[in-house]
Amino acid sequence: MLRNKPVGVVGASTGAFGAVWAQAELRKVLSALGARVVEGDLALGHAAAQLDQEDRLVSEEHRMQLAELLENLVREAAPVVRSAA
């Protein structure tokens, strides 16, 4: 079901490295299932401190990482959407 589908990887954890480690494993699983994992990711360590009261990213760097990931995902998804139409 995921074969040749573009996917992005985003993670958050309460500790410093949990999201990074989980993302590495998730990338392996998604690739094994045939998904196309796009470049870029967002791993938020100590996630509670990375979000404001409205659950928005505090760090401009993190917002830029997320924007880049989403741009890559949209770029990869566009041909899939066009071919399905």
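Biologist: In this predicted model, which residue forms a salt bridge with R36?
Modeller: In the salt bridge that R36 makes, the closest N and O atoms are 2.9 Å apart, which falls within the 4 Å cut-off for such a pair. R36 lies in strand β2 and its partner in helix α3 (residues 60-84), so the pair ties together parts that are 40 residues apart in sequence. The partner of R36 is E76.

Biologist: Is E76 buried, partly exposed or exposed?
Modeller: Buried would require under 20% relative accessible area and exposed over 50%. R36, with a relative accessible area of 29%, is partly exposed. Because E76 has 31% relative accessibility and the class between those two limits is the intermediate one, E76 counts as partly exposed.

Biologist: Where does the salt-bridge partner of D41 lie?
Modeller: D41 forms a salt bridge with R27, with the closest N and O atoms 3.7 Å apart. The pair links distant parts of the chain, 14 residues apart, with D41 placed in strand β2 (residues 36-44). D41 is partly exposed at a relative accessible area of 32%, and R27 also counts as partly exposed, at 23% relative accessibility. R27 lies in helix α1 (residues 18-32).

Biologist: Which residues are linked with R56 in a network of salt bridges?
Modeller: R56 forms a salt bridge with E54, where the closest N and O atoms are 2.9 Å apart. The network that holds R56 also includes an aspartate. The residues linked with R56 are therefore E54 and D52.

Biologist: How many salt bridges does the structure hold?
Modeller: The salt bridges include R36 with E76, D41 with R27 and R56 with E54. For the structure, the total is 6.

Definitions and conventions
Residues numbered from 1 in each chain as written. Predicted model: local features only at pLDDT ≥ 70, side-chain atom pairs only at ≥ 80, totals over all residues. Heavy atoms only, no water. Salt bridge = Lys/Arg side-chain N within 4 Å of Asp/Glu carboxyl O. Helix = DSSP H or I, 4+ residues; strand = E, 2+ residues; numbered from the N terminus. Buried < 20%, exposed > 50% of the residue type's maximum accessible area, 1.4 Å probe, protein only.
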